[in-house]
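Open the model in your viewer, keep a selection tool at hand, and follow the stops below in order.

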Amino acid sequence: MNVLRLMIGIGAIVALAAVSVAHAETFDLELKKLGTPSSSTPVIERMISSTSYQRFYEQTRTQPGVTSTSPGRAEFAKIIKKEPAKYVCKSPFRGVATLGTQKFCFAFDTNPDAKDNERVTGDKSKMEDLQRYSRLYFDANCNGDLTDDTPIDAAAAGSVYSSASSAYANYTFPTVDVTIEADGTKMDYAFRMSIYSRAYSTYSYASASLYAAAYRTGEITVDGKKVSVYLVDFNSNGRFDDLSGVDNSITLSDGTAYPKQGDMIWVDPDPKTMVYASPYDPTSTDAQQYLSKMLNVGGQFYDMEISPSGDKLTLSASSKPVGHVSNPCKGYRAVVYSDQGMLKISGDESGKAPLPTGEWRLLSYTLDGTKAAEEAAETAEEEGPSLLETLANALTASTPAVAGPRPTLVSARAKRDAPAIQVREGETVALPFGTPYKLMVEARPRGTGTASLSLKIVGVGGEVCNNMIVKGARPPKPTFTITGPDGKEVASGNFEYG
């Protein structure tokens with residue numbers, strides 16, 4: 001096993017940087033497959049099993065005069081050479097998945113022996129048009145023939161429901177092992193699929209998803225300590241080298257920047273701190289980072305390369321000069337981005353964080369006030385409430401009690417048009433976000449004489465809060481009251497989360 005030693009001290013760091021220009025360390029990462037999730041599944045595996053997915057959509061029955069929307073069928077027809085002689089269901093679902101650099105055809109059908117869990121509360125006739133996709137044909141050997149691979153039946157009974165307006169069915173399938181190719185390298189891989197179908201009186205559709213069920217893991221050594229690394233195929237396409245970025249083609253209603261779905265890497269994850277972490281937000285934990293050109297390990301930056309199959313991770317100490325950013329909020333974890341990639345940074349006790357020189361923009365952050373809240377509670381008679389407690393108390397008078405870890409945090413995402421900051425060598429520049437927060441209410445007309453209200457919590461940099469936890473629980477719903485010019489109440493209610 002190759003070893004990466006991080007030297008301590010300014011002189012040692014300079015020396016390491018000078019040597020690393022011509023020298024890089026390569027680490028081997030082993031492929032692991034995810035089993036069926038259970039209560040005994042390690043926390044890290046539960047986290048890395050929550051990924052983005054490949055989505056496939058098809059209209060199985062269209063409204064009169066409407067052209068069918070089945071984008072996967074045309075590509076399927078070009079690739080597939082042989083299908084089952086006869087399908088059980090009226091409208092088999094056909095599609096093509098991209099794994100590595102290969103195309104794999106698949107088709108969903110009905111298992112005639114499947115026993116579903118049915119619940120009928122309305123018109124049962126809707127069931128007649130509902131497609132029950134409980135069997136999967138997958139061209140695992142990628143030869144264009146669906147008949148020489150063993151059919152895969154749903155892992156459990158399907159959930160089938162019928163109401164007055166529609167009927168739906170949902171099925172999940174066991175892990176599928178497959179050999180794929182990524183840029184000429186063959187590798188073992190695994191994935192899971194699920195499919196959801198719905199039928200209305202005039203049309204029906206189905207949506208299928210493919211999730212990665214394999215990851216890479218290995219160890220490096222930092223200051224004599226072995227550090228575990230987990231590499232996650234977060235976008236579920238069979239490759240482990242997809243870099244993340246900001247997707248400027250997607251415009252969100254609140255104007256915030258949208259991260260492009262690349263892959264993820266976890267460095268030295270601590271299960272104790274992952275109870276309330278989100279696998280979709282790297283700022284929610286110390287360990288998770290977007291896969292990028294550089295990696296931050298303990299405030300030191302490394303140029304990083306990943307093989308397409310993910311079996312090799314190469315690190316070399318970055319020769320890029322370093323400056324600092326600062327923010328008055330302590331305990332923050334933030335992601336910034338530029339043409340150099342996306343980087344995770346963490347503020348120290350003074351709110352400073354090292355960052356390579358260049359022009360950077362804020363993507364997102366989490367302020368973790370758990371420790372501050374605990375300290376404030378212990379010395380409440382001497383000190384005022386923490387920043388996040390003050391913010392929570394502005395929204396609600398009480399917080400539900402919970403057992404176990406009781407984190408206090410707030411997360412937010414920056415606006416796309418937020419100004420960039422310029423980081424210079426040896427200098428410190430302010431990175432504005434966080435306190436003081438403002439509560440903003442927007443009203444949008446909805447029909448005659450009615451309107452919908454939305455509440456946003458906005459930081460000093462214009463960033464919009466998207467998560468808040470106070471002492472281990474989400475605060476109760478904020479309330480509102482609308483009064484007329486005469487002061488009389490016109491309407492009142494609650495703001496709903498989401």
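Begin with an open sheet of four strands, whose order is 1-22-21-20 and whose pairing is antiparallel; strands here are DSSP runs of E with at least two residues, numbered from the N terminus, and two of them pair if DSSP finds at least two bridges between them. This is a predicted model, in which local features need pLDDT of at least 70 and side-chain atom pairs count only at pLDDT 80 or more, while totals for chains, interfaces and linings use all residues. Residues are numbered from 1 along each chain as its sequence is written, and side-chain values use heavy atoms, with hydrogens and water left out.

Select strand 1 (25-28) and strand 20 (294-297), which are the edge strands of this sheet, each pairing on one side only. From one strand to the next the twist averages 35°, where axes are lines fitted to C-alpha atoms and angles run from 0 to 180 degrees between N-to-C directions. Strand 1 pairs with strand 22 (residues 312-317) in the antiparallel sense over four bridges, and if you pick Thr26 you will find Thr314 of strand 22 standing opposite.

Next, move to another open sheet, this one of three strands in the order 26-23-30 with mixed pairing. Strand 26 (352-356) and strand 30 (428-430) stand at its edges with a single partner strand each, so one side of each has no neighbour in the sheet. Strand 23 (residues 322-326) pairs with strand 26 in the antiparallel sense over five bridges, and the bridge partner of Val322 in strand 26 is Pro356. With strand 30, strand 23 pairs in the parallel sense over three bridges, and here Val325 stands opposite Val429. Buried means under 20% relative accessible area, exposed means over 50%, and partly exposed lies in between, with a 1.4 Å probe and protein chains only.

Which residues touch the most other members of the largest nonpolar core? They are Phe108 and Tyr189, in a core of 75 residues, a nonpolar core being a set of buried Ala, Val, Leu, Ile, Met, Phe, Trp, Tyr and Cys residues joined through side-chain atoms within 4.5 Å. Strand 12 (residues 185-199) gives the most to this core, with seven residues. A second, separate core has 27 residues, including Val325, Tyr332, Ala334 and Leu367. In soluble globular proteins, nonpolar side chains tend to be buried together.

Centre the view on Phe108, which, leaving out residues up to four places away in sequence, touches Cys89, Pro92, Phe93, Tyr133, Arg135, Leu136, Phe173, Met193, Ile195 and Ala208; contact means heavy atoms within 4.5 Å. Phe108 also belongs to a cluster linked by ring pairs, among whose members are Phe56, Phe93, Tyr133 and Phe191. Rings of Phe, Tyr and Trp (its six-membered ring) pair if their centres lie within 6.5 Å, with planes under 30 degrees apart counted as stacked, over 60 as edge-to-face and the rest as tilted.

The structure holds 22 aromatic pairs, and one to select is Tyr161 with Tyr168, a tilted pair with 5.4 Å from centre to centre and 40° between the planes. Tyr168 is partly exposed, at a relative accessible area of 26%.

Then select Thr175, in the loop between strand 10 (167-172) and strand 11 (176-182), where Thr175 is partly exposed at 29% relative accessibility. Apart from neighbours within four places in sequence, Thr175 is in contact with Leu34, Ala190, Phe191, Arg192 and Ala213. Thr175 and Ala213 are 38 residues apart in sequence, and their C-alpha atoms are 7.0 Å apart in space.

The last stops concern the backbone. Most residues other than glycine have a negative phi, and most peptide bonds are trans. Cys142, in the loop between strand 7 (135-138) and strand 8 (152-153), has a positive phi of about 55° although it is not a glycine. Lys471, in the loop between strand 33 (464-469) and strand 34 (479-483), likewise has a positive phi, near 50°. Finish at the peptide bond from Thr435 to Pro436, which is cis with omega near -5°; Pro436 lies in the loop between strand 30 and strand 31 (438-445).
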